[in-house]
Amino acid sequence: MSGAPSRALATRAALASRIDLPLFASSLCILAILAIGAAFNPSVVSPHYLIQQLQSAAFLGIVAFGAMLVILLGHIDLSVPWTVAAAAMVSTGLAGQGGAGGGGGGLLALPIALAVGAAIGFVNGLGVAYLRIPSMIFTLGVNAVLQGLMVLYTGGSAPPSTAPPIARALSGGHLIPGVANAIPIWALLGVLVTVLLRATPFGRAVYAIGNRERAAYMSGMPVRRVVLGCFTLAGCASALAGLLVTGYAGKAYQGMGDIYLLPAIAAVVLGGTSIMGGRGRTSGTVAGTILIVLLQSMLAVMQMPDAGRQIIYGMVIFVMLLIYGRGHVLRT
Amino acid sequence: MNGSDIRLFARHNAIPLLAGAVFAAMFVLYLALQPRGVTVGTLVTASNKGVLLALIACAQTLPVLTGGIDLSVGAIAVLANCLASTLLGGSGLSLVGGVAATLAAGALAGGFNAVAVVWGRLQPIIATLATSSIFYGISLLLRPDPGGDINDDFASALTGDIHGIPTTLIILLAVLLLFWLPFRRTLIGRGVYAVGSAEAAAYMSGVRIARSKACAYVLSGVLASLAGLLLTLIAESAQASAIQAGDLTLNAIAAVVIGGTSLFGGIGGLVGSVIGAFILRTIGDLLFVLAASPLWQPLFQGLILLAAVSLGAIPLLRNRNRLESFR
């Protein structure tokens, strides 16, 4: 959306600064939120509360990893809400308790959800990479189609079957005592995404495309396949989050993905990923996710009315962006 | 206008002209199938719904033309809706003051976005995402519970008809003829297009970039608040609804794209967006009169939207070198 010189300047500035300002600033902000919260209610700094927050953060964080892959390319995925809901609905509908294939602990639910997410992401990727439709509008259209399909599939209400046991185990089970499984899953995905981005040709291509797509193409990178791959992975991430949320809530329901789209984008950007693409780290996205979830939760703990919550939420994102998300002056 | 002028005009405005033809065909079909027949009432209802989205699409168009985007247009409209519902209960001068205050609030909100994007140098997409949360919070403060007290006569006058022509349509035409056409020819208006097509080149040619961009966001706020005002008069109540704000914003983006404005900036205009908004609205009405099952309607709407935006792939067929398709 901005011109070539400003992007080049941004890259140079990123190279010039050695410390990771976004990670530093968002970590400070997290500590500040915890300190303010503890002043209102000391039980906020208890391990129990913090682990509970991390579990909610895991759902958002998994969506945010997918969003980051797409944003690093300089694209955006607005189909998150109904990708989350569609994967959850189809997998509980087919393999949930009371559904057709509900036997065997509903083990099939996981591959079904991932397949639904991958298929949706693949369609997004085809539209963006091969038809060259701007991602913002194409994924918006896919989201509308998914909503239509799900209204048709469920008859406009929630599917009657409840979450398959595997979804409950993945989000709420305790492989490590006291720690909900969603947290280690989130951590594991974080490691995988970091390795993918930092140590594979695919990852280098993601950054290259985000910086200058044309140059990446000229250097022989399979630009269109990489874009297709990122959207497919993002679809899988949303789908996995959908399955985990279903396990947490016990059911899949209409609109269950609506609360993840904008906070996920905010988490990615607060973590220092440039919305124009080409710059950003997994660690930042994790910090951004925790920041968003803690902020929302803390405003609830302080019994702030919804109006104040919305205003403070917006202001905090705004101020954080002013600290480190600014563009550069257009010079000659 | 001689023959070559007309050909040039047609080539420059191919997408809005095509969209206009599609809309005309759809609307005629709708009127023909419509069981109650063509009355002033049907036209007024269609116009009220269409103009509301058209105004928000216009609000979205200006930032998009500069190469930016405004994700807060829906929230500004909801904010104006909530504000107007507390101000339009009186009569005479207090009513005029209420309208002025609502539009001023829209300008203020747009001004806040302008400061964030132009002087704060934040990316428009993420800055307006943050401000939309703030605007929605303020709407909740103004109107914690749905409701409102609106002067009935004023509301029915502005949402009725004048000699058979829907009043809202006249308002929309006034926006296009009295604001948009002159604005496009001003230095600022040309700057909006110049910034959107090549910001660095515009800067080098002495275009006052900051002023053009800021104007785009402020005017966007004013147009969005005008839509909010209209929403208040149509519904005669207000509700601080995040879902409505989101729907309005996303539908406005879709209308802008269908109307031929490029999301990369520099190409398009308000007239196309108005037609795009009318097309989006007519799809729903058409499905209704065609007696499509309510369960199928959202899917049809989604598929038509996806098909419409996929038409944007057609210029790709003209590329002789694959490199041309990469930015």
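How many residues does helix H11 of chain A have, and how far does this helix reach from its first C-alpha to its last?

## Helix H11 of chain A

In this predicted model, helix H11 of chain A runs over residues 223-249 and has 27 residues. The helix reaches 39 Å from its first C-alpha to its last, close to the 39 Å expected at 1.5 Å a residue. H11(A) is mostly covered, with 21 of its 27 residues buried. A:Gly250 follows H11(A) and has a positive phi, near 90°.

## Nonpolar core

The largest nonpolar core holds 200 residues, of which A:Ile137, A:Ile265 and B:Leu88 touch the most other members. Helix H3 of chain A (residues 47-72) gives the most to this core, with 15 residues. Apart from neighbours within four places in sequence, A:Ile137 is in contact with B:Ile253, B:Ala254, B:Val257, B:Leu263 and B:Val309.

## Surroundings of B:Cys82

B:Cys82 is placed in helix H4 (residues 73-87) of chain B. Because its relative accessibility is 0%, B:Cys82 counts as buried. Not counting residues up to four places away in sequence, B:Cys82 touches B:Ser139, B:Leu142, B:Arg143, B:Ala238, B:Gln239 and B:Ala240. The C-alpha atoms of B:Cys82 and B:Tyr136 are separated by 9.9 Å, with the two residues 54 residues apart along the chain.

## Salt bridges

Four salt bridges are found over all chains. In one of them, A:Asp20 pairs with A:Arg281, the closest N and O atoms being 3.6 Å apart. A:Asp20 lies in the loop between helices H1 and H2 of chain A and A:Arg281 in the loop between helices H12 and H13 of chain A, so the pair ties together parts that are 261 residues apart in sequence. A:Asp20 is partly exposed at 24% relative accessible area, and A:Arg281 is partly exposed at 43%.

In chain B, the side chains of B:Lys49 and B:Asp285 form a salt bridge with an N to O distance of 3.1 Å. B:Lys49 belongs to helix H3 of chain B and B:Asp285 to helix H13 of chain B, so this pair links parts that are 236 residues apart in sequence. B:Lys49 is partly exposed, at 37%, whereas B:Asp285 is buried, at 15%. A salt bridge also joins B:Glu199 and B:Lys213, with the closest N and O atoms 3.2 Å apart.

## Nonpolar surface patch

A:Leu21, A:Phe24, A:Leu28, A:Leu31, A:Val319 and A:Ile323 form a nonpolar patch on the surface, with about 560 Å² of accessible area together. H2(A) provides the largest share of the patch, four residues. A:Leu21, found in helix H2 of chain A, counts as partly exposed because its relative accessibility is 34%.

Note on methods
Residues numbered from 1 in each chain as written. Chains lettered and ligands numbered in written order. Predicted model: local features only at pLDDT ≥ 70, side-chain atom pairs only at ≥ 80, totals over all residues. Heavy atoms only, no water. Patch = residues over 30% accessible without salt bridge, like charges linked within 9 Å, V, L, I, M, F, W, Y side chains within 5 Å. Areas by Shrake-Rupley, 256 points an atom, 1.4 Å probe, with all protein chains shown as cover. Helix = DSSP H or I, 4+ residues; strand = E, 2+ residues; numbered from the N terminus. Buried < 20%, exposed > 50% of the residue type's maximum accessible area, 1.4 Å probe, protein only. Expected span 1.5 Å × (residues − 1). Core = buried A, V, L, I, M, F, W, Y, C linked by side-chain atoms within 4.5 Å. Contact = heavy atoms within 4.5 Å.
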